[in-house]
Amino acid sequence: MRAVQLTVVLLLLGALVSEAAKSSGEKAMQKRRRQMDSAMDGDGIVEFSTDMFMDIVLKKRDFGLVLLFTAQAPQYNCVACLKAGEAMRKASRAYQQSLRGQRAAFYFCVVDVDLNRPILGRYSITRAPHTFMVPPQESKGDPVAGADDMFRYEDYQAISGQSFAAKVGEVFGVKLKIRGDATFSFAIIALVTILMATVSHFVDDRFDRAVAFVRQKWIWMIASFLIYAFGVSGSVSCIIRGTALYNEFSQPGPTVFSTGSRDQFVLEGLAVAGLSFAIAATVVAAVSVARNVSVDSSKVWIWTAFLGAVRVVLTTLLMALLCVLLGKLFQLYTLKTRWYRIVDTLPPQMRQLFVAPGKLKKSAGLIRRLIKASYYGLFQAPTFSAVLKKFDAIVLSYLKRLVREYTGLL
């Protein structure tokens, strides 16, 4: 009988101890949650210290963590860190808006490796940024040890709030929608409305004249150019992918163009479209000037000569502008694809003509010297004066020597 009583007492004591331990664990988790809530900034980001990292990440908790290891100090010039931090901030704001008073299932956290050297040494992190997404854990442990970065390093070069939110959604099973500022869209709608009201006011009594105006060739020429530019720019694709307007984190200042062949900013696409539009407009203008600035032989000869000179000068300037614009477009293309060489696109028979000529011998003829000078001027010369100097040394000196040998005049 006493044995039964003793067994019952021991079972009750065990249950009480277990309940007390469970209650203590729940209180500890609640304390950690309150600690996270109090440490959040206005966008829902928690910046970890070393002690807080050890107390939250390695302990039992009922919430997940999005950990961004970053180097924010200016001396590191970590552009990818700044972009990743901004992307996380946008995703965190979207998550805070979606909670609507409910408890957070996970928290967005930043670990500055420069301020938390012990953490950096613990995980042997050799670069930043690094992003880990760890689920809740029911016991003590280190979920970061052995975990993989959620992004490839090249992904950080074009990371956006939308792509960061999508990755978080995959891991934690939530759908985060990043809402942009609608001010610009409302302004466009208001402008179009005002424009349509103005047009309808003037068209009401002069419908035939309005139709004739709309049917003019130059209007549809401009419309065609704009549609072409919009298509070339790839801006629709950029906006759909949530690409940034420009690179605001580059050093020493913001830039429009990305050096990655697979990356593109919205303004970058529009700039290429504008350059393409300018090239097309220059071609049209050159053709128009060459055709329309006519020379009438019945006029005074001075006026005839003046019109002819104007036509030649304008056409030449427009063709020169066309060459400059084409050069800029090619320069941008090679910036995006540094492996690209225009010579490689030519047929093998023509490609041989662009191979760098060998060293000239003193007995080399005029043709080989012209080829050597032309190649230097096209592909190697840093300045125009260098072209003239090389031409004088290779070609003119040779011609002077020929004249001196056959005539004795020079």
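Predicted model: local features only at pLDDT ≥ 70, side-chain atom pairs only at ≥ 80, totals over all residues.

Student: What makes β2 and β4 a pair?

Tutor: Strand β2 (residues 64–70) and β4 share five bridges, in the antiparallel sense. The definition asks for at least two bridges, so they count as paired. As an example of residues facing each other, leucine 67 stands opposite phenylalanine 132 in β4.

Student: Which strands pair in the parallel sense with β3?

Tutor: β2 does, over seven bridges, and β1 does, over three bridges. Across from valine 66, the bridge partner in β3 is phenylalanine 108. For valine 46, the partner in β3 is cysteine 109.

Student: What is the strand order in the open sheet?

Tutor: The four strands run β1-β3-β2-β4, and the pairing is mixed.

Student: Why are β1 and β4 called edge strands?

Tutor: Because β1 (45–47) and β4 (130–134) each pair on one side only; pairing here takes at least two bridges. On average, neighbouring strands in this sheet are turned by 25 degrees against each other, direction ignored.

Student: How do you know that β3 is largely enclosed?

Tutor: Count the buried residues: in β3, seven of the seven are buried, so the rest of the structure largely encloses this strand. Phe106, Phe108, Val110 and Asp112 point one way, while Tyr107, Cys109 and Val111 point the other way.

Student: Which helices lie across β1, β2 and β3?

Tutor: Helix α2 (residues 50–57) does, running at about 150 degrees to β2. α3 does too, running at about 160 degrees to β3.

Student: Why does serine 92 count as buried?

Tutor: Buried means under 20% relative accessible area. Serine 92 has 0% relative accessibility, so it counts as buried. This serine 92 is found in helix α3 (residues 79–99). Leaving aside neighbours within four places in sequence, serine 92 is in contact with Asp43, Gly44, Ile45 and Phe108.

Student: What makes a set of residues a nonpolar core?

Tutor: The residues must be buried, come from a list of nonpolar types, and be joined through side-chain atoms within 4.5 Å. The largest nonpolar core here has 51 residues, and Met36, Phe48, Phe53, Leu65, Leu67, Phe108 and Phe164 are those with the most contacts inside it. α3 gives the largest share of this core, nine residues. Take phenylalanine 48: beyond neighbours within four places in sequence, its contacts include Met36, Phe53, Leu67 and Cys109. In soluble globular proteins, nonpolar side chains tend to be buried together.

Student: Why do you say that the buried residues of α13 line one face?

Tutor: Seen down the axis of α13, the buried residues fall within an arc of 160 degrees, so they line one face of the helix. These buried residues are Arg369, Ala373, Tyr375 and Tyr376. What covers them includes α14 (384–407). The face turned away from that buried side carries Ile367 and Leu378, which are exposed.

Definitions and conventions
Residues numbered from 1 in each chain as written. Heavy atoms only, no water. Buried < 20%, exposed > 50% of the residue type's maximum accessible area, 1.4 Å probe, protein only. Contact = heavy atoms within 4.5 Å. Arc of directions from axis to C-beta. Axes fitted to C-alpha atoms, helices over the stretch in contact; angles between N-to-C directions.
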